[in-house]
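Subject: Structure handover

Hi,

Here is the structure you asked about. Please open it alongside this note, which goes through what was found.

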Amino acid sequence: MGFLQVAFQIDSQASLLIEPLLEELGAQAITFEDPGGEPVLEPGVGENPLWSEVRLLALFDENMSADLVHAAVQEALDGKAPQAWSVERLGDRCWERAWMDDFKPMRFGERLWVCPTTVSPPAPEAVNLRLDPGLAFGTGTHATTALCLRWLDRMPLEGAHVIDFGCGSGILGVASLLLGAKHCVAIDNDPQALLATGENAERNGVSPYIETFLPEAAPEVEADYVVANILAGTLIELAPVIETKVRSGGRLALSGILEEQAEAVSHVYKAWFDLNAPEVEDGWVLLQGVKR
């Protein structure tokens, strides 16, 4: 059996309406990407994991009519045709896991590698974080996650307490433990993210050292290191909460920030932190510094 895939671009707010419509029409899988083709990773605490504009891909049974889907979407958009509409016929594959074919081992910094469970680590003596791409919310392929992983790699984490705020797949918290941290608290508003974090921690042999919490249940503790790879608006909104998670003299890393948003985020956090110059990759920024 084959599949019909339709893809189009819409406003992110409209996507919240269109997603359930596609499910009603029988979509077997729905994927959100930014217009540049990067999947949406590491959703923010209390925020929908969407860009202002999204490209939406929906997978249907091969007998589904693309014209019917187009008409239904256009009607839901009050007669406005979806932009960049495309239709593709796909052969029979395990599509929910097929993208792992493009997920290769990646190195971050001097010590850390992120490797899919489907291949052997290229550097067995290194710190190897194993991920199942079929479960991951974030794998290191996005610039924001990569910036955070390289930051963790160069930090002296031995014996440290870490908080991964907006943990997604748990990749940052698990990485911190593999790099020497003693304990990690992982926080996310999505129960599925907490499940993925727990499974990735178990896969990497660090589950005894990580605890997962919904935001409202998170303990009131201070950590040596806090990393928050979420979105700029959420970082600003939750700044009074996030700053309390870092001990005096502790270090904070923030990402999920576009270059043009860095100044606004920095302005807020400078009330508590001495921030270093922003690190930039592919238009995304990492802000990091020490709490006074």
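Ala232 lies in helix H7 (residues 232-237). Helices here are DSSP runs of H or I with at least four residues, strands are E runs of at least two, and both are numbered from the N terminus. This is a predicted model, where local features need pLDDT of at least 70 and side-chain atom pairs count only at pLDDT 80 or more, while totals for chains, interfaces and linings use all residues. Residues are numbered from 1 along each chain as its sequence is written, and side-chain values use heavy atoms, with hydrogens and water left out.

Ala232 counts as buried because its relative accessibility is 5%. Buried means under 20% relative accessible area, exposed means over 50%, and partly exposed is in between (1.4 Å probe, protein chains only). Leaving aside neighbours within four places in sequence, Ala232 is in contact with Gly256, Ile257, Gln261 and Val265. Contact means heavy atoms within 4.5 Å. Ala232 and Gln261 are 29 residues apart in sequence, yet their C-alpha atoms are 6.7 Å apart in space.

**The chain overall**

The chain has nine helices and 15 strands. Of its 292 residues, 50% are buried. Take the contacts between residues at least 6 apart in sequence: 69% of them join residues at least 24 apart.

**Positions from the UniProt record**

Which residues does UniProt list for "binding site"? The unreviewed entry gives Thr145, Gly166, Asp188 and Asn229. UniProt positions are in the numbering used here, feature names are shortened, and annotations may be inferred rather than shown by experiment.

Gly166 is in the loop between strand E8 (161-165) and H5. Gly166 counts as buried because its relative accessibility is 2%. Asn229 is in strand E11 (residues 223-229). Asn229 also has 2% relative accessibility, so Asn229 counts as buried.

What joins the side chains of Asn229 and Thr144? A polar contact of 3.3 Å does. A polar contact is a pair of N or O atoms within 3.5 Å; within protein, one must be able to donate a hydrogen and the other to accept it, and residues adjacent in sequence count only if both atoms are side-chain atoms. Thr144 lies in helix H4. At 4% relative accessibility, Thr144 counts as buried. Beyond four places in sequence, Thr144 touches Asn229, Ser255, Gly256 and Trp284.

E8 is mostly covered, with four of its five residues buried. E8 pairs with strand E9 (residues 183-187) in the parallel sense, over five bridges. Two strands pair if DSSP finds at least two bridges between them. His161 has His183 in E9 as its bridge partner.

Helix H5 (residues 171-178) is mostly covered too: seven of its eight residues are buried. Among the buried ones are Ile171, Val174 and Leu177. Gly180 follows H5 and has a positive phi, near 120°.

Strand E1 (residues 3-11) and strand E3 (residues 53-61) pair over nine bridges in the antiparallel sense. Val6 has Ala58 in E3 as its bridge partner.

**Nonpolar cores**

The largest nonpolar core has 37 residues, and Leu112, Leu129, Leu149 and Trp151 touch the most other members. Helix H4 (residues 143-154) gives the most to this core, with seven residues. Apart from it lies another core of 25 residues, including Phe165, Ile230, Ile257 and Ala262. A nonpolar core is a set of buried Ala, Val, Leu, Ile, Met, Phe, Trp, Tyr and Cys residues joined through side-chain atoms within 4.5 Å.

**One more residue**

Ser266 is found in helix H9 (residues 262-269). Ser266 counts as buried because its relative accessibility is 11%. Not counting residues up to four places away in sequence, Ser266 touches Leu275 and Leu287.

Best wishes
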